[in-house]
Amino acid sequence: MIAYRLARCAELTYDYVIRDKHFDWEATVKAISGLCGKSSFAILSRWRDRDFGWAERLLPIAVNFLVSRGDVDPKVALALIGFRAQWNEPLLLKSVLAACADKAEKETAAEFTYRYMTLGQHRVGRWRELKRILAEHGIAHSELDEQIALSEREEQFNKSREKSYDIDHTTDREIKHGINWNAIFDGIDLCVANDISLAYRRFEDLDPSYYNEWFFEEACRRIQVGKEAELVIAIAGVTDFDLYHLRIFLEQLPNGWENRLAVKSALAQALKTFCRRCCMEVTRSRYYEALPLNTACRLAGIPEDDVVDVVLTAISEATEVASANRLFTLVGLLAPKLKVSEALEALSFGLDLFDPVLEDTDGDGPWSPKLEPPAEIEGSVAGYIWGCLAAPQASLRWEAAHVVRALCTLGDEKVLDHLIRIANGASADAFCDAHLHFYKLHARQWLLIALARAAKEHSELISPYADFLSKLAFTGEPHVLIQEFAKRTILDLLDAGFLESQRDLRHRLAVINTSPFLPIESKSCQRSEDGETDRKTKLGNESDEDRFYFGIDMGPYWFAPLGLRFAKPQANIEREVLSVIRSNWKLSGGNRWDEDERHQRKIFRDMQTYHSHGSYPRVDELRFYLSYHAMMVVAAKLLATTPVHHDPEYSEDEFNDWLRCHDLSRQDGGWLADRRDPIPLERPTWKDEKETDEWPWSIARNDFDQILMMPDGRMNLWGRWTWVSGHREESTRVYSALVSSDRSMALLRALQSVDDPYAYRIPDAFDNLQIDFDGFQLKGWIVDQSLDSGIDKQDPWAGAIRYPPPEPAAYIIDAMKLNSDTEHRRWFVQGHCIDVAWSHVWGYYQDEDNDKTKHETGERFQASFEFIVSLLRKLSMDLIVEIQIERRLRYSRWERSKEDDIRFTPPSTRLFLIKSDGSINTL
């Protein structure tokens, strides 16, 4: 209860804070977590739901605090890095490795951590910390040294660039050396307080006056060896010096002084003297302290409590009246002296003072039993995850799905068990704002998406929930996507050897999301001929019907394609969807934008909820959420009651084709994020060069050579990628195709002499521009046919990559007896363990459509030179390679681009011809 009251008062207090930095978020979250760890997750979940605070910062504060206290299992904490936040991943991993039972567990946790770290951006210190922790547990990672080396290069370049903007302190140094220090310290005994005071007055009388640190630095330099402690005592005796002077003096202490016992004892005496004399100025504050007590006490070698006792005693003996400001600052000194019971009593007293000004609309309003957190902290973690699975933000739902999968990867069963209980009907009211519509169907769908993926790798953890999955698949409310993911999860459990006692289960699953009727053949263009009649009927009865505004695009781009599969007009689907909302879910209202509480509170910003045609919004307003899930319910009902129509000119099952548009990007059940690779560990040489306006036109022949042949011997033979540094952006495109040997040089000359590189195309294996005529052959050997992305396009961990990446054509695989890993990243000859080709794809997810910041993205297919030569010899052909380089200067919206008045310039292009004898020709 007291944690809840503190959180509520924090929200009220924040309304009166001028700037966010003046609100102590860290101390507030730690206090709430310390009062009740279980409540902290519920409070943070409600804060996130109503957009109070920055969840990416607050969640790690609470988690790190609770892990350090032993309240949260380190494995659970590590799994939460699926949420993009300000994590210290090595610190979390360290706690996990210390608790692991065997080497296999440690390696799993280490690989999991490294994988997610490579998909983000980290400073070199974080990578070194990871390496040190792994080394302590005997774990080595082959790429970690390369990662560290690249990060070091990038930070060195950034530091050198920052130095060019630094203030030049040369003048200050010259002034310091020009001061007549002998005159200032003439006749001064640095062991006498009055003499030091006199020297300081001489220093201050200089015109102009200079930095105080110069004076103390010079005094330390001039003190006779062996009398350092006497200097410290003398400085403490100068009554003109205050806490600020002591701070400056401590900062100028020469290295090694604090390790001398006499000096350390003198520092302790001096610190107490200053604190006694300046007792009214000593404070503890996160903003600014004239004298940082922790630093001063560390140098003096005495506990902070001893110094605080000196200050409090001096205050009690002082004759001057303390100001109101001093009474407030006393709290920081007194708080550590309180017992737990006394601290709770003081906090309760302070919170009681807020009660008269609190209104029902502040925070979550008056306390309600619904806000009570679960009995176990694992239940609270599960509630937080459940709230994120239901979030209006698509990216957050996907992050939560990654967390669920991570719990399975790391073998945590408790949180997973609580999640299933919530999905099965247990209350989760404590984790959402009671005034905001909770997107329960989102939570259930994205939980099943996560379970379906986890079942492929950790079916033993999912099998205990087979009854829950069967309920959703067979007896729950019909919903094609929820049923589909439940079906896939159960099938994976069956394939893994579980549920064998249910012999007919596989047969029962086979009919889910399939029509029980024979398809009706019809031309798709003729199916909605009655649509116009139906529309007129609808318009005629509109005044009598219940109205619901679905939005401009929902009808023609969402409902109409579904109706087409059943020869139903759009208006018919709209009525069915409305019936689900009104009759099944008992929801009223027209759901205009201003009826959505989140819109009214301005939780939705800018164009977050915008979507057009058939695209998904980044953030789902209530109107879209209801329309979307009601459509899925209607689809399931139609499938069970109405025959599906089939166009004889179309080979695909039309309903499955519609369902695929709302499914994952991959048909094998994998996620788009599974195929995303880290940004390659390489750095173009131009990144280390100084930015100039002429850079876009600085492309040289050697740049093409470096792209064709990498330092490690790999050849770039297909792909497109972009490097970014500051205002500079370089885009590279590489294409290659097989060409008949006797005509290859002629083709090289012809293409290289073309003015516009867009006037021709090097084909891929499915391109209709391939040539095979009268001895002329230009044959594609790479498949580069990416598919339309599914709902995991909005997964930020997927990085907005294209799928599938380029790979060899089937006839190349057969001819060279190639095989690959499951994700087709590495290619090798069957029977050999040496890789001969590689396919990489990397990218970056932009949280806002209007984000103008450019990021490094790309995809490419590489092969070893030896493999290419052997391929060409086997096929008796040559390989022509085209490389395009385009350089641009990019500016933010408020910067003027110097390229504004420059007309479009085509990319620079160079072609290479690789012969079957191993020679490389170019012009």
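**Entry 1: terms and ground rules**

I count helices (H or I, at least four residues) and strands (E, at least two) as DSSP runs, numbered from the N terminus. The model is a predicted one, so I note that local features need pLDDT of at least 70 and side-chain atom pairs count only at pLDDT 80 or more, while totals for chains, interfaces and linings use all residues. Residues are numbered from 1 along each chain as its sequence is written, and side-chain values use heavy atoms, with hydrogens and water left out.

**Entry 2: the loop between strand 7 and strand 8**

I looked up Pro-804 and found it in the loop between strand 7 and strand 8. The peptide bond that leads from Tyr-803 to Pro-804 is cis, and its omega is near -10°.

I then looked at salt bridges, where a side-chain nitrogen of Lys or Arg lies within 4 Å of a carboxyl oxygen of Asp or Glu. Side chains of opposite charge can pair when their charged atoms come close.

Is Asp-784 buried or exposed? I use buried for under 20% relative accessible area, exposed for over 50%, and partly exposed for what is in between (1.4 Å probe, protein chains only). Asp-784 is buried, because its relative accessible area is 9%. Arg-720 counts as partly exposed because its relative accessibility is 24%.

**Entry 3: other salt bridges**

How many salt bridges does the structure hold? I read 68 salt bridges.

Arg-761 and Asp-767 meet through their side chains in a salt bridge of 2.8 Å, N to O. With a relative accessible area of 45%, Arg-761 is partly exposed, whereas Asp-767, at 12%, counts as buried.

I also noted a network of salt bridges that links Glu-11, Arg-46, Arg-50, Asp-364, Asp-433, Glu-597 and Arg-601.

Two strands pair if DSSP finds at least two bridges between them. Strand 10 (residues 826-829) and strand 11 run antiparallel and are joined by three bridges. Trp-827 has Ala-837 of strand 11 as its bridge partner. The hairpin of these strands has five residues between them, and Gly-831 in the hairpin takes a positive phi near 90°.

The side chains of Asp-835 and Arg-826 also form a salt bridge, with 2.9 Å from N to O. Arg-826 counts as partly exposed, at 36% relative accessibility.

Strand 11 (residues 835-842) is mostly covered, as six of its eight residues are buried. Strand 11 also pairs with strand 12 (residues 857-864), in the antiparallel sense and over six bridges. Which residue of strand 12 is the bridge partner of His-840? The partner is Arg-860.

**Entry 4: helix 18 against helix 19**

Helix 18 (residues 304-317) and helix 19 (residues 324-334) have axes that come within 11 Å and cross at roughly 145°. The axes are lines fitted to C-alpha atoms, for helices over the stretch in contact, and the angles run from 0 to 180 degrees between N-to-C directions.

Contact means heavy atoms within 4.5 Å. Helix 18 and helix 19 make theirs through Val-308, Val-311, Leu-312 and Ile-315 of helix 18 and Arg-326, Leu-330, Leu-333 and Leu-334 of helix 19. I sort these residues into seven nonpolar, no polar and one charged. Here Ala, Val, Leu, Ile, Met, Phe, Trp, Tyr, Cys and Pro count as nonpolar, Asp, Glu, Lys and Arg as charged, and the others, Gly among them, as polar.

Leu-499 has a positive phi near 60°. I place Leu-499 in the loop between helix 27 (480-495) and helix 28 (505-510), and it is buried, with a relative accessible area of 16%.

Ser-876 has a positive phi too, near 55°. Ser-876 is in the loop between helix 39 (865-875) and strand 13 (877-889), and it is exposed, at a relative accessible area of 54%.

**Entry 5: the chain as a whole**

I read 39 helices and 15 strands in the protein chain. Of its 923 residues, 49% count as buried. The C-alpha atoms fill a box of roughly 105 × 75 × 60 Å, taken along the principal axes.
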